[in-house]
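I opened this notebook to record what I looked up in one structure. The entries follow the order in which I consulted it.

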Amino acid sequence: MKNHDDLVSPFDAVIPRMGTGSVKWDEAAHRFGGEVLPMWVADMDFAVPDPIIQDLRKRLEHPIFGYPSDGPVMLRAADEWMAARHGWRPEPGATGSISGVVPALFAAVRAFTQPGDTVMVMPPIYPPFMNAVRKNGRELLLVPLQKEKDLTYHIDWQALEKALSRSRLLLFCSPHNPVGRVWTEEELQRLARLCKAADCLVVSDEIHADLSYAQHTPFAKLAARSVLLSSAGKSFNIAGIGGGIAIIPDSELRQTFRDELYRSQIHQTNACALTAMTSAWQQGAEWQTALREYLFTNAQFIQEFLRRELAEVGYRIPEFGYLAWLDVAAYGDDDHIQKSLLKTGLGLNLGPSFGPGGEGFVRLNFAAPRRVLEEGLWRLRSALWRGPKSLQSLPVRCQL
């Protein structure tokens, strides 16, 4: 990635979001118990690509919004995007539409297991993975990732093999949120072999895959008996519109999953989502390349700031996206960190919400214009700094 620190980018524009019904901004004060600069939930403070806006406007000009189809044009666009971006084209008919990745994750648990069955996840992990198991009356089996001193995470293969003997289903996060890993093809091949031998189905959430800096390998490329869930929501900042895709190479599994979607009445994708996702996958490649470059320079900026101002914070540049997984254990326990962050007006996700292994961590969303990110980092310094306060340690106070 090139260093574009000295260039003016369209991603530098600060766009006010208060009053737009945003969970990230409008509900932040309620969530955190006070006004904060919200850098928590995983959406971006960037305008979506112009072609998406133009295509949505064109669709809105048609005055009828009846029930939408399954979106064959959108599904073809999804397959073309998968081939161009990740070097793999699903077999015809393998890709289907879903209302969203999280609803589909919950539906997959119901479709492929029975109440009381064991479902495995690898924490620390995005909380809905654990909720999808618990809320559906299944037994949650946690197989925590192994953490190295440099904050590189690996699958605990020994623990995994032991857990596979009693697991019907693995909910897998690829790339892995929040630890920042893009799994290598060798790791995924090993996982596919072990799960096939144990007759354990893998449901792989790959919603962050398009924002990978390293090479991402779709899990369904390696394992026909698997379910790949994805969307343009994260990578093009259209999560609020909804929609997504499920790629299931095995026809029997595909029908089982489809039956559950209909049973739960979450099989339809709304008309605007079909338009937005089609536009994103057909016309968004250049915009997204620029986005990844901007995000990577933001990730580097965080590294430089922490080295200079908060050397005891552990941080490894993530291999995808815009989520910084920060080890702040040196500055106090989770309760102290939470109170300190609120005092300085910074809203982050606390590590324990991601399950075992999240203690002592916070997750910071850096998908924001550079000066907003800089203010957030100064607020983090104000919350954690143990020396004398200085004017430089106060927030920059950009206009939001």
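**Entry 1: a sheet.** I began with an open sheet of three strands, whose order is β11-β14-β13 with antiparallel pairing. I noted that β11 (323-327) and β13 (349-350) are the edge strands, each pairing on one side only. Strand β13 is joined to β14 (residues 361-365) by two bridges, and the two run antiparallel. Within this pair, N349 stands opposite R363 in β14. For the terms, I recorded that two strands pair if DSSP finds at least two bridges between them. Helices (H or I, at least four residues) and strands (E, at least two) are DSSP runs, numbered from the N terminus.

**Entry 2: basis of the model.** I noted that this is a predicted model, in which local features need pLDDT of at least 70 and side-chain atom pairs count only at pLDDT 80 or more, while totals for chains, interfaces and linings use all residues. Residues are numbered from 1 along each chain as its sequence is written, and side-chain values use heavy atoms, with hydrogens and water left out.

**Entry 3: confidence.** I looked up pLDDT, the predictor's confidence in each residue, from 0 to 100. The mean for the protein is 94, and 95% of its residues reach 70 or more. Over residues 1-5, pLDDT stays under 50, and the model has 11 contacts for them beyond four places in sequence. Over residues 395-399, pLDDT also stays under 50, with 13 contacts beyond four places in sequence. A contact means heavy atoms within 4.5 Å. I reminded myself that where pLDDT is low, the predicted coordinates should not be read in detail.

**Entry 4: overall form.** I found 14 helices and 14 strands in the protein. The radius of gyration (taken over C-alpha atoms) is compared with a globule rule of 2.2 Å times the number of residues to the power 0.38. The protein has a radius of 21 Å, close to the 21 Å that the rule gives for 400 residues, so it is as compact as a globular protein of that length. Of the 400 residues, 57% count as buried. Buried means under 20% relative accessible area, exposed over 50%, and partly exposed in between (1.4 Å probe, protein chains only).

**Entry 5: cores.** Which residues touch the most other members of the largest nonpolar core? I found W281, L326, L364 and L380, in a core of 69 residues. Helix α12 (residues 285-309) supplies the largest share of this core, 10 residues. A second, separate core of 32 residues includes I98, A104, A132 and C173. A nonpolar core is a set of buried Ala, Val, Leu, Ile, Met, Phe, Trp, Tyr and Cys residues joined through side-chain atoms within 4.5 Å. Leaving aside neighbours within four places in sequence, W281 has contacts that include M74, W81, D210 and F236.

**Entry 6: backbone details.** I looked up a cis peptide bond between P123 and P124, with omega about 0 degrees. P124 lies in the loop between β3 (118-121) and α6 (128-134). The peptide bond from N177 to P178 is cis, with omega near 20 degrees. L151 is a residue other than glycine with a positive phi, near 70 degrees. Is L151 buried or exposed? At 8% relative accessibility, L151 counts as buried. D199 has a positive phi near 55 degrees, and its relative accessible area of 59% makes D199 exposed.
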